[in-house]
Amino acid sequence: DMSGIGEENLFPYLKTTYAEIGDIDSVDGVLKTFSTDSLTSKIEELQYSDNWKMAQDCFEALGDTSDHTSFDSDERQAATTKMLKSMYGHQLYDQTLVKLNLLVPKKLCLLNDNVHEWYNMGIEAATLTGHIDQLTEWVNRVETLEKVSDPSIILHYNVAKVFLSIHENNEPSATKFIENCYRLIGTHFTTPSTSTTLLKKREVLMQLHALHDISILLKGGSPYQHNNNIKILNSRLQKIGADFEPNHYLLSMRKAYGLLKQEDFVKPDLANTFFKIAQLSRVNSRLDLASDSLMHALKFRHQSGELEYAEILWKQGENDKALKMVAEIHEKHKNDTSIRTRERAKVLLKYTEWLDLSNNSVSEQIMKQYNELIKLDPRWDEPYYSMGVYCSRLLEKKKAEGYVTNGRLECKSVSFFLMSFEKSTAKVREALPKVVTFWLDIAALYISENTPSNRRELLRKPIDDICKRIETAVHNCPTYIWYSVLTQLLSRLLHSH
């Protein structure tokens, strides 16, 4: 019963509830709705918005002990903890460790409540960076403590010991510490309680996934076994979904393994892992993390590194520089048989898409490049899908200028989308509804021209071609893709065609 609770008492409950379930948009809304005139409240509004870096800087200033102000030590420590949590929560592990090394004495024997949190962040950040010196230092810090009552610190300590054992090529020891982690999670983190939240459950699942990944990698004693294990890990990663945080966490654990494992055969996957982190970070607008990871990938001469750098430039709004760079990469690679066909095709596809988006070429040139792409790599689904998107966007642009359709662009778009689904169903949900819409709309337009005319004849061929393409796709594409448009088809059962 919340009837006796006023706004001031309700606010912390709502803020904590939404923060614990990871609903950042709702936290932001609650902070704005219950906004007060206090400085901390205003900074917290920034913390859960795109201006989180500003909030970090503010909390750092509030926690600064070098100035002599009336701000008491508890308030300073609370502000410092919020700064560290923000850094850690935004995957700035190196910066978190730099701050913690300045804040925490090296030979601390007992922990207070705030320092408990600092140690948790410190030892996990040291693990995720994969830097052996930081990892060793934080393991030593925990072993120096007289007493550790926090199960989270014990868990992170055991995870860190897994990676130290990997660095020492001691597989039995690493396996033993993984088993310790499983026991700790089973004992302390799976029992339902008032403190168990959806967000904490997700963190436990991420840790279990990562530990199992590492146990799989430990079985790869030879290059052949290692490559097979990497295929398993890639398959497991695809099941995670698109969320940034779990993907970044799992890739960071895999990166730490690659950095600490002293074998040459792990280096190709280490380069790929850095590259995947760069891609993931760029897609999620974390260009700071993307640039850092990409530089590490380039040290290993990753084949797609230059193209990813152009992608980062494009994301930053440096469109002219990005387009110029990808054109240079294309010229350099197009006749280089040492570069894999798929890699050359990726460069040409990106160049073609950006020419369109930047209005730097006419449609005939763009269509010509798409046709070159399909000849270069006919089994790849992406050029077909991209060509379908291009025809759809060109149609919308022409309609805005008063164009009366003759069905040809719709027919091209439908054909290319369906050809892409024959090769991969990854983007069925995005494009198949549009395919059905084009198909049925052009058919309805054809029927509406109920008297013989030139326009009716113009529409006849596109609708016949679309119907043939649909019929072919029914046989060539997996049956399950049509479930995604079942309601759309049912709503048109009485269609006139």
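**Exercise 1.** At what angle do helix 6 and helix 7 pack, and how far apart are their axes?

Ground rules before the solution: this is a predicted model, where local features need pLDDT of at least 70, side-chain atom pairs count only at pLDDT 80 or more, and totals for chains, interfaces and linings use all residues. Residues are numbered from 1 along each chain as its sequence is written, and side-chain values use heavy atoms, with hydrogens and water left out.

*Solution.*
- Step 1: helix 6 (residues 93-103) and helix 7 (residues 113-129) pack at about 135°, axes 9 Å apart. Helices here are DSSP runs (H or I, at least four residues); axes are lines fitted to C-alpha atoms over the stretch in contact, with angles from 0 to 180 degrees between N-to-C directions.
- Step 2: the pair is therefore oblique, the class left over after roughly parallel (under 35 degrees), roughly antiparallel (over 145) and roughly perpendicular (65 to 115).
- Step 3: contacts (heavy atoms within 4.5 Å) include Leu-97 and Leu-100 of helix 6 and Trp-118 and Met-121 of helix 7.

**Exercise 2.** Classify the orientation of helix 13 to helix 14.

*Solution.*
- Step 1: helix 13 (residues 244-260) and helix 14 (residues 267-283) pack at about 155°, with axes 9 Å apart.
- Step 2: that makes helix 13 roughly antiparallel to helix 14.
- Step 3: among the residues that meet are Phe-244 and Leu-251 in helix 13, and Leu-270 and Ile-277 in helix 14.

**Exercise 3.** Find which residues Ile-214 touches.

*Solution.*
- Step 1: skip residues up to four places away in sequence.
- Step 2: that leaves Val-162, Phe-163, Ile-166, Ile-178, Met-253 and Tyr-257.

Technical notes
Helices (H or I, at least four residues) and strands (E, at least two) are DSSP runs, numbered from the N terminus.
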